[in-house]
Amino acid sequence: MKPLSGHEKTAFGIAGVMALLFVGATVLAGVLLYTLKGTERDFSDYRSKTEIELSDLEKEKNQNAAYLSELNKQLSLAEKNKSELEARIDETEAALKEMEGSFANKDALYESLTAELETLKKSLSDKEKEIGDLKDDIKALGKLASVNLNRQMEVLKELEKLLTEGAPMNKVETPLLDGNGNPMVGEDGLPATEVRYVYPKISVYYEDIGRGYCYGWNENTAFSSASCVKAPFALSILTEASAEKATYDRLLAEYVAQHGPTDLLPDYVWTYDMNKVFTYTEKGYQSGSGVIKNDPYGTEYTYSQLFQKMLKYSDNVAFHELKEAYGTSKLKALAKSMGTKTMKNNVYRATAADLGKSMKAIYEFIESDAAYAPLMRDAMKSSIHTVMIGSGVSPKKIAHKYGWDTDAYHDMAIVYDKHPYVLVFMSDMDGGGKEVNAYIQKVVGLIDDLHENFYK
């Protein structure tokens with residue numbers, strides 16, 4: 001083989017360097033492309049999870065800018081008109097003073113100038129109000145939402161990390177069986193068990209009531225709804241009861257107009273009588289949550305009080321009596337009308353999205369002028385066990401209903417922010433306790449951050 005000359009060695013060296021540069025550039029391009037695609041995926045995931053199209057936000061921003069420009073034009077014109085009115089007022093007042101000083105007070109002319117002056121002053125007052133309103137609109141427009149997408153992505157990543165790997169593990173004990181399928185006994189004489197730890201099942205649903213922004217995590221996973229079912233059950237009955245009360249009040253007014261004053265409509269039979277009395281007896285006892293079970297037998301409650309105790313204390317005695325009286329057909333119809341996926345087939349099971357729909361419907365009811373809206377609103381605002389959503393969004397106020405049973409530890413709430421929103425947390429962390437509550441509060445706090453950023 002012929003030895004390489006110096007020039008050939010140099011040429012091969014340069015070629016090697018170029019090859020290395022080409023490989024490096026190729027690798028760098030691949031890394032950049034992967035990063036770009038990852039960023040695109042992140043933003044796509046963000047849009048998917050929040051149901052917000054960036055183009056919509058950009059369109060809204062442009063519309064707001066155009067509206068702001070138009071308001072500023074109107075303000076400029078209004079201020080110009082105000083200056084012209086002030087000048088005409090000065091001229092009219094000067095003319096009146098001149099007439100008074102020269103004793104040339106001709107009645108017709110004097111009255112005409114006086115009337116014109118009053119008209120000009122009224123126009124000036126109206127124009128000042130118009131200017132004030134325009135300035136308020138401009139100020140309010142400047143405070144409209146501008147979503148910080150980078151911050152939203154940070155919150156979403158932190159939230160999803162917390163949801164996927166930050167929860168306390170569930171302890172699962174399984175009885176050990178011998179070859180014949182009989183329970184085994186340990187050295188302590190107690191049944192032998194195998195202990196393992198599994199990651200809990202968790203679902204979350206958030207929705208901004210005003211603007212419809214949403215976030216969901218396993219929001220279509222079905223759970224036992226536990227005592228959460230008591231809130232939509234109450235809604236289904238109190239909606240009907242409110243409609244009946246409105247009808248009764250109208251009929252009573254018509255009767256009074258024809259027959260004179262009376263407090264009661266003759267022969268009216270109530271379907272939903274909130275003054276009906278329930279007497280607590282041994283037969284009515286129900287275990288589990290509630291306060292009526294601790295009261296002496298013979299204690300009386302109106303149905304209105306039963307609804308209050310069912311929603312405030314999750315009272316099982318009250319729920320059982322009301323369910324016996326009214327059934328669940330209205331609840332089933334409500335579940336279907338709301339478009340729920342699981343509740344419509346089984347009212348005792350629900351997804352976080354189902355309960356989110358329920359809480360939106362409850363918000364619309366309790367903020368209405370329906371006869372029994374105040375009863376439901378006050379009961380849910382004072383509902384106990386606020387260690388989940390209530391503590392997570394504090395000091396904001398909530399109206400909520402919790403559910404706690406085997407494989408169920410849930411809370412669903414209306415959060416009374418300046419821009420109210422619905423939040424549902426469902427899990428199988430039925431052990432409850434400080435560690436679980438602290439974890440839920442972290443999740444809730446991050447979702448509240450997500451909501452707040454829409455309006456910064």
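Keep in mind along the way that the model is predicted.

Let's begin with helix 6, which covers residues 303-313, and helix 7, which covers residues 316-326. The axes of these two helices lie 9 Å apart, and the angle between them is about 125 degrees. Because of that angle, helix 6 counts as oblique to helix 7. The crossing of helix 6 past helix 7 is left-handed.

Which residues bring the two helices together? On the helix 6 side they are Tyr303, Leu306, Phe307 and Met310, and they meet Ala318, Phe319, Glu321, Leu322, Ala325 and Tyr326 of helix 7. By residue class, this contact comprises nine nonpolar residues, no polar ones and one charged residue.

Now step into the loop that links helix 6 and helix 7, where you will find Ser314. Is Ser314 buried or exposed? Its relative accessible area is 1%, so Ser314 is buried, the cut-off being under 20%. Leaving aside residues up to four places away in sequence, Ser314 touches Ser227, Lys230, Ser289, Gly290, Lys309, Lys401 and Tyr402.

Finally, have a look at the cysteines Cys214 and Cys228. Cys214 has a relative accessibility of 6%, and therefore counts as buried. Cys228 is buried too, because its relative accessibility is 0%.

Technical notes:
Residues are numbered from 1 along each chain as its sequence is written. This is a predicted model: local features need pLDDT of at least 70, side-chain atom pairs count only at pLDDT 80 or more; totals for chains, interfaces and linings use all residues. Side-chain values use heavy atoms; hydrogens and water are left out. Buried means under 20% relative accessible area, exposed over 50%, partly exposed in between (1.4 Å probe, protein chains only). Axes are lines fitted to C-alpha atoms, for helices over the stretch in contact, and angles run from 0 to 180 degrees between N-to-C directions. Helices (H or I, at least four residues) and strands (E, at least two) are DSSP runs, numbered from the N terminus. Angles under 35 degrees count as roughly parallel, over 145 as roughly antiparallel, 65 to 115 as roughly perpendicular and the rest as oblique. A crossing is left-handed if the near helix is turned anticlockwise from the far one by less than a right angle, and right-handed if clockwise. Contact means heavy atoms within 4.5 Å. Ala, Val, Leu, Ile, Met, Phe, Trp, Tyr, Cys and Pro count as nonpolar, Asp, Glu, Lys and Arg as charged, and the others, Gly among them, as polar.
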